[in-house]
Amino acid sequence: MFRNSKSMRFATSGLLVTGLVALSISFQAGGVASAASKSNFVIGVPLPMTGAEASAGTEIFNAMKLAASKINSQGGVAGHKIVLNEQDSACDATTAVNAANLLVSAHVNAIAGEYCSSAALPEQPIFSRAGIPVVFAAANSPALLTGHFKNTFLTLASGSGDAAEAAAFFKQDLKETKIAIIDDQSAYGTAIADAMSADLRSNGLTLAGGAIQAVPATQTDFSSVIAAVKSSGATGIFWTGYYAQAALLVKQLAAAGVKATFVGSEAAIDATFITGAGSAGIGTYATEFVSPSGKAINLFNAHYRKAFKSAPGPYSSYGYDAIQILARAGNAAKSIQPSKIIAALRKTNFVGVTGRIKFSPVGARLGMPEEVLVVKNGQYVKNSVQPKL
Amino acid sequence: MTLLMSEILNGLFLGAFFGLVAVGYSLVYGILRLINFAHGDFFMVAAFVAYTILGSSIVGHGHMVWFTVAWVGLLVMVATGLLAVLANRLVYHPMRRAALLSLMIAALGLSQVLENGVLNIPGWGSAYLTFPVTSPPNGFTVLQTNFSWFQLIIVLIAGFLSLGVYLLVGRTLIGKAMRAVSEDRIAAVLMGINVDLVIAVVFFIGGALAGAAAVMTGVYYGQINYLMGWTVGLEAFTAAVLGGIGNIGGAVLGGVVLGIAQSVGTGWFGAEWAIVVTFVALVLLLWLRPTGILGERVARRM
Amino acid sequence: MAAKLPKGGVILAFIAVAALVPQFTNNQYYLSVGYQTEMLICLALGLNIVVGYAGLLDLGFAAFFAIGAYTTAVLSVNHHWSIIATIVPGVLIAVVCAVIIGLPTLRLRSDYLAVVTLGFGEIIQTIANNMSMTGGPTGIYGIPTLTISHIVIQTPVAFYYVLLVLLLLFVLISLRVRHSRIGRAWLCIREDEDAAQAMGIKIHRYKLYAYMGGAVMGSLTGSLYAPALSAISPPSFGFSESLLILMALAIGGMGSVSGAILGGMIVVILPEAFRQFAQTRLLVFGLVLIIVMMTRPRGLLPENAFRGFRWPFRRRVAPLDGAVIPMVATASSPSASSEEDDR
């Protein structure tokens, strides 16, 4: 049957292609329809919903939905209802470029989202050309600000504050002088690790082993790195990667008999860390941006748990605030026009669930003081010994 | 020197894991000449199944926990073996007349289906899940390197299982049938060997070993994620090739060599270069011995 | 020859239609998906030289793509070269890498070659991730726009046409080279390495040529694609990218130019078309992949230039359950060429 069916082969392939084209056209038609109703404040949300970072993307998007429905119930933005248009960027440059172009073609009013800097960077010029305001929810690479795009705002301050806080903590409170730095080879982790390396030097502390240790983000066994840390004689460890690996690392450090004090950066803070690390996690530290009143964030956490039956992720609150920032800018401008929102975003000044939000002229989050948390009784509490500033 | 020794010991332990998954790869390859990219995902699915069973209320207290873990482990081994057999029946078996590359692409498709299937199952999803039972950290010290008793148990179980498969292939009737099918499929059919059964058995064994590795990974590392199979699969594949693919002893040896190479490479150059060290070593080795460490027997067999 | 004509016609028609697409839509999203499709087809055509023509299984083809993209990015961002000028060093580096990797490994069995190429892909990605020159994990951003004698290529439409020209070039090369002396040598090696050697073909040399040819095409594509992305980072060039290229080729049909085109369209457009299903789309993609391979194992548009040619990755033993085959097939099928290096 297959032997003499060249024409059939073409026919089937042709059918397949036609089907694909028809599918994408029908899909696009849907996109146009949703954008055409001009009365909505459409916020495009590029986030990783598939791939290795899918869980972070989902957690941020959940928080955004929470914010949007709350704002809508209070009358929306300048009389317009918020509609979120979520597009998967998979933390991959190519998929991200498609997501960005799709959102621009759908004429969204603003962008809130993106978790990975590797996806945010190629999206940036596309949004910039279209003149759409962008509030990055969790991507915080300093590289996002060096392009001087006038439409870019970062909800999360760069991680260098984490490093400075941790270095001061090691020196003044813990009195540890030989510190090992371990990063996870991600853009986020290496940036903080490099900052920490410089901070150690300026504080007169030594980098144990003479070099930053690194473990690929997919690795689950840290035995060889731990052996290196152990033989370097480090008395303190600063981890700049994420919570999932942090839990494994802390457990394996304890099992290997390493007594050094463990301090994580903000990405290490998550409920999964506490359950995952178990007894090994007790007494470990993490640096975090100070939230001014515990009330706002606790309320947010409670809402999130109620709505999604799970704990929010480490960046959920930033996603929540990204929507709030845009909504307030829209209300201040009394408009949902992209250009007016950009102008209003510059004057942002309010207290969100992640603290007071203000932007520098280039769009960086301003003035976020840091604090150190310690794991006690199955939760994070403020470290009682406040670092002397 | 002590650092090097402890890196080697750590590598030995890692190798036990790689080896166990690699044996499954190697077995399937030996019979079908198929690089089964979905093998690592059988491992991943097994970890999630074990997570769900152990997470339900049946887990006892005290020493009963380990009894539960043992029988759940056996159950998961059987379940994963059956999953592998099912995958073979649904995907690979209907494609037995197709080109090997097509089979390989289908394996990649299956891998995508398994990963994204787990991603879409409520309660599993994309989060890092904490395993309900984790191993106690107490243990012993060799050459200034701490090992937990559970690590020793893992190595023993891995060794025991690999030895079992080795004996099964080398000493039993079904093993003889496997070797016959691997050597010449047509002749095997003419000798009255039920080739489909042999293939099913091979998939079952491979799956069961991956299941055992998955339960031990879950209990030892305490954390699972839907993408965990991919890295393990890739490492196991490399281990299988390193040792001489299609050869059971080679797969285990390849796993151990790969574990040590990664561990020592990390110690010398830092973990960020470990994969480069591994593959450069692999290229050099294959350059000197184009059939892998124990590949000779495979070559003679052909 | 008669068999070639309709296919050539199909390819021409495809390119004509592709060239007209921007006349019908100026939707930025369509066009960006469009030039990504062209990019993937270009890569698939490059890989087709290696896998489809010469029969060498390559699991790390994205490495050459990365070499082109990174060379262009580094030279244009850090050293202010024009994009066009960076193409030459990109191609040169790719060829040197191809020789370094190819010389020791091309004598290996195809499974081992697969793992070595896979390793090469991982090495290139790791180097990009660890070197400060390549921007580490953040990668390189702010890659300048492509200018071809004062014409600034910046919009998706412009990139669409630039990559279409590249695609046309690759299609012509692929079709022409196939029937040249070197192309016939490749096909001969793919069909039967022993026979090829007996005919006096220097198989290692021709395998190396194939590997180099693929490297050049991969690197060229990378150089032109980097400015379209404006920012590149290591994750885009990993094993999954290599597999995607290979998948395109396998779905479309190994060794077939029209197959590479169709396969490239499917692997890029299908996941995009299912975008609204975010978390389930890769599940659907995997299922489609399995179904296509089960129903059309040689791809949707297989190559059929040679009557009764031997498929490069055909299993060593003849199928089992066919009532017709056994005796003749076993007698006439020698042990696969890929195992010959075991001696």
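1. Helices (H or I, at least four residues) and strands (E, at least two) are taken here as DSSP runs, numbered from the N terminus. Leu373(A) lies in strand β14 of chain A, which covers residues 370-376. This is a predicted model, in which local features need pLDDT of at least 70 and side-chain atom pairs count only at pLDDT 80 or more, whereas totals for chains, interfaces and linings use all residues. Residues are numbered from 1 along each chain as its sequence is written, and chains are lettered from A and ligands numbered from 1 in the order in which they are written.

2. Leu373(A) is buried, having 20 other C-beta atoms within 10 Å. The term buried requires 20 or more other C-beta atoms within 10 Å of the residue's own, exposed means 12 or fewer, and partly exposed lies in between, with C-beta atoms placed from the backbone. Leaving aside residues up to four places away in sequence, Leu373(A) touches Ile269(A), Tyr285(A), Ala286(A), Glu288(A), Tyr380(A), Val381(A), Lys382(A) and Asn383(A). Contact means that the C-beta atoms of two residues, placed from the backbone, lie within 7 Å. Pro125(A) is 248 residues from Leu373(A) in sequence and 37 Å away in space, C-alpha to C-alpha.

3. Chain A contains 13 helices and 15 strands, and 58% of its 389 residues count as buried. Among contacts in chain A with a separation of 6 or more, 71% join residues 24 or more positions apart.

4. Two domains are assigned in chain A: domain 1 (40-156 + 315-358) and domain 2 (160-290 + 370-382). Their bounds come from an automatic or database domain assignment. The centres of the two domains, taken over C-alpha atoms, are separated by 30 Å. Six residues of domain 1 are in contact with five residues of domain 2. The domain 1 side of this contact has one nonpolar, five polar and no charged residues. In this classification Ala, Val, Leu, Ile, Met, Phe, Trp, Tyr, Cys and Pro are nonpolar, Asp, Glu, Lys and Arg are charged, and the others, Gly among them, are polar.

5. Between chains A and C, 33 residues of chain A are in contact with 34 residues of chain C. On the chain A side, α1 (6-36), β2 (81-88), α3 (93-105), α4 (117-130) and α7 (187-202) each supply at least two residues. The most come from α3(A), with eight residues. By class, the chain A side comprises 15 nonpolar, 15 polar and three charged residues.

6. Chain C has 13 helices and four strands. Of its 343 residues, 60% count as buried.

7. In chain B, the axes of helix α5 (residues 149-171) and helix α10 (residues 248-269) come within 9 Å and cross at roughly 160°. The two helices are therefore roughly antiparallel, a term used for angles over 145 degrees. Ser162(B), Val165(B), Tyr166(B) and Val169(B) of α5(B) make the contact with Ile248(B), Gly249(B) and Val252(B) of α10(B). This contact has five nonpolar, two polar and no charged residues.

8. Helix α8 of chain B (residues 195-221) has 27 residues and should span 39 Å at 1.5 Å a residue; its end C-alpha atoms are 38 Å apart, which agrees. The expected span is 1.5 Å times one less than the number of residues. Because 23 of the 27 residues of α8(B) are buried, this helix is largely enclosed by the rest of the structure. Gly222(B), with a positive phi near 80°, follows α8(B).

Methods
Axes are lines fitted to C-alpha atoms, for helices over the stretch in contact, and angles run from 0 to 180 degrees between N-to-C directions. Angles under 35 degrees count as roughly parallel, over 145 as roughly antiparallel, 65 to 115 as roughly perpendicular and the rest as oblique.
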